[in-house]
Amino acid sequence: MYRIVSRYFVDRNAKYLVLVCASISFIILAAIAIFTLREGLPAFQQVGWIDFIFGTEWRPTLDKFGIAPMIVGSLAVTLGAMILAIPLGVGCAVLLAEVAPARVRNLLRPAVELLVGIPSVVYGLVGMLLVVPVVRQIGGTGYSVAAGAIVLMAMVLPTIISISEDSIRTVPRRYKEGSLALGATHWQTIRHVLIPAARSGIVASIILGIGRAIGEAMAMIMVIGNAVQIPASLLDSTRTLAGGIAVEITYAGGLHENALFAIGVVLFILIMIINSFALIAMRRGREHT
Amino acid sequence: MPMKQVLKRLLFIAVTSLLLPSLLTAGCGSGGLSDTVTEAGSTTVQPVAEKLAEAFKAENPDVTIVIQGGGSSVGIKSCNDGTVDIGAASRELKADEPNLVKHLLARDGIAIIIHPANPVTGLTREQVKEIFAGKITNWSKVGGENKDIFVVAREEGSGTRTAFEEMVMGKELIKSDAILLPFNGAIITAVSNTTQAIGFISFGYIKNSVKTVEIDGVAATVENAKNGTYPIVRPLYFLTKEQPTGLVKKFIDFCLGPKGQNIVAGEGYIPVS
């Protein structure tokens, strides 16, 4: 009797428990959003929205707050990282899901998953000591968009690989069997059946990767030089939005601090846009299958 | 018996959450308001101030000293507001900043550092200024190899950068495409890994992996800073709104006294007495 009652009790109240969990995470998100907006608003008002977002000069000590170079910098390193990471990541995912024998897969997969756990400051340090000197051989100081893109590529690869692999793996078995039965080779099946069928998952993995890349601060600070300028080439130094906040927040006060929070607002909006693309991509994928 | 476990755990959580606040307040409640000194400001001063506070607490166990960072500007502002008892600044006060009582705690030299393989051994202050302003861009102009100069600097707002700008740059600005790194450690790593780099750093952070440059023919050593020949030396101040009294005075006197100054020297800064 006791057991039955208690089971009903748990059953009836479990939904409240999960409701509490869900509302706590929602409250935290709302609190962060409201706080960032409230702290950032004075900067938007005093500098002006247009001047803040399109201004090219950032000199906090002279009260000049223009974040266009940081927006361009963020987009440049993210785009560069994606151009490198997408072919590598999808290729690796195909290998793990379709080509590699079980033994190789059992070795590679944990290695890829381990990459996710490495703290970003370690990526930054390795980038500073390995990638920057290599880029310097090509030209410039080495602290550059190119170095940032290479380090970011390494950081987003695990996301792209593991989600893409899962989505290739979950393509219904009959698709592959049907294709092979029609006489297509394994490679033709991968290219024309499996990858298109897993497209939504692959796209989602890419967009999640972009989200991670654009928010990365510590690793970027250490390899891109942080000069506030619109980079003219891949070998030029630049600053990202997230890096810009992290570089200056310890010393900022007054309007300068508000301006850093305002950068946070811009970053927040950018990431929200990217995440809604991810949602749309995933939803569209579901309609296809 | 999963339900029993859940209940047990809930009970545990309930008990600890009831006890925790009382434990926390018990820790704070012992010291009255008059037994607390608060300090905030320069992050260069912060580590020394923490050591000083520790030593002071060892002698006066029932006193609480709160040391916070924030930067020199924050230190000046919050001291003037009265939000802290003592402000800390690692630079001179500007003309438009409030007039506070300054207590010279220590001096700190700023060294110009280059890669150990760079043949340059000395620069004039004018040359350093022109390099950081972007007017001299090749090492051959200052007696080095025919290679581009990579300028490495701290981020805007840093006390070390502000002091460097005041003492070396004057009205000139550090060039906008300089490599900016937000920590002293990162500056050392960057310069020690780049043969063409030049940077600046507080004396307390100098490592063997970089070479310090003689400025106007004077080596960057604590002795030269102490006897006044090394030109790039900044003051580290404790600030109070009025002449200090009571516990604040006792703490500042301790810091400026022989024991405090020993700690200051031990941290790599230049004692004032």
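Predicted model: local features only at pLDDT ≥ 70, side-chain atom pairs only at ≥ 80, totals over all residues.
**View 1. Helix α5 of chain A, residues 120-138.** The helix has 19 residues. From first C-alpha to last it reaches 25 Å, close to the 27 Å expected at 1.5 Å a residue. At A:Gly127, α5(A) bends by about 45°. A:Gly127 is also one of the buried residues of this helix. An α-helix has 3.6 residues a turn, so residues three or four places apart point the same way. The cover over the buried residues of α5(A) includes α6 (145-169) and α10 (218-223) of chain A, together with α6 (184-192) of chain B. Just after α5(A), A:Gly139 has a positive phi of about 155°.

**View 2. Helices α8 (residues 246-256) and α9 (residues 258-266) of chain B.** The two helices pack at an angle of about 60°, and their axes are 4 Å apart. This angle makes α8(B) oblique to α9(B). From α8(B), B:Phe254, B:Cys255 and B:Leu256 meet B:Lys259, B:Gly260 and B:Gln261 of α9(B). By class, this contact has 3 nonpolar, 2 polar and 1 charged residues.

**View 3. The contact between chain A and chain B.** Chain B puts 21 residues into the contact, and chain A puts in 24 residues. On the side of chain B that touches chain A, the elements giving two or more residues are α3 (72-81), β7 (179-180) and α6 of chain B. Of these, α3(B) gives the most, with 3 residues. The residues on this side of chain B divide into 9 nonpolar, 8 polar and 4 charged.

Terms used
Residues numbered from 1 in each chain as written. Chains lettered and ligands numbered in written order. Expected span 1.5 Å × (residues − 1). Bend = angle between axes of the 7 residues up to and from the residue. Buried ≥ 20, exposed ≤ 12 C-beta atoms within 10 Å, placed from the backbone. Contact = placed C-beta atoms within 7 Å. Axes fitted to C-alpha atoms, helices over the stretch in contact; angles between N-to-C directions. Parallel < 35°, antiparallel > 145°, perpendicular 65-115°, else oblique. Nonpolar A, V, L, I, M, F, W, Y, C, P; charged D, E, K, R; others polar.
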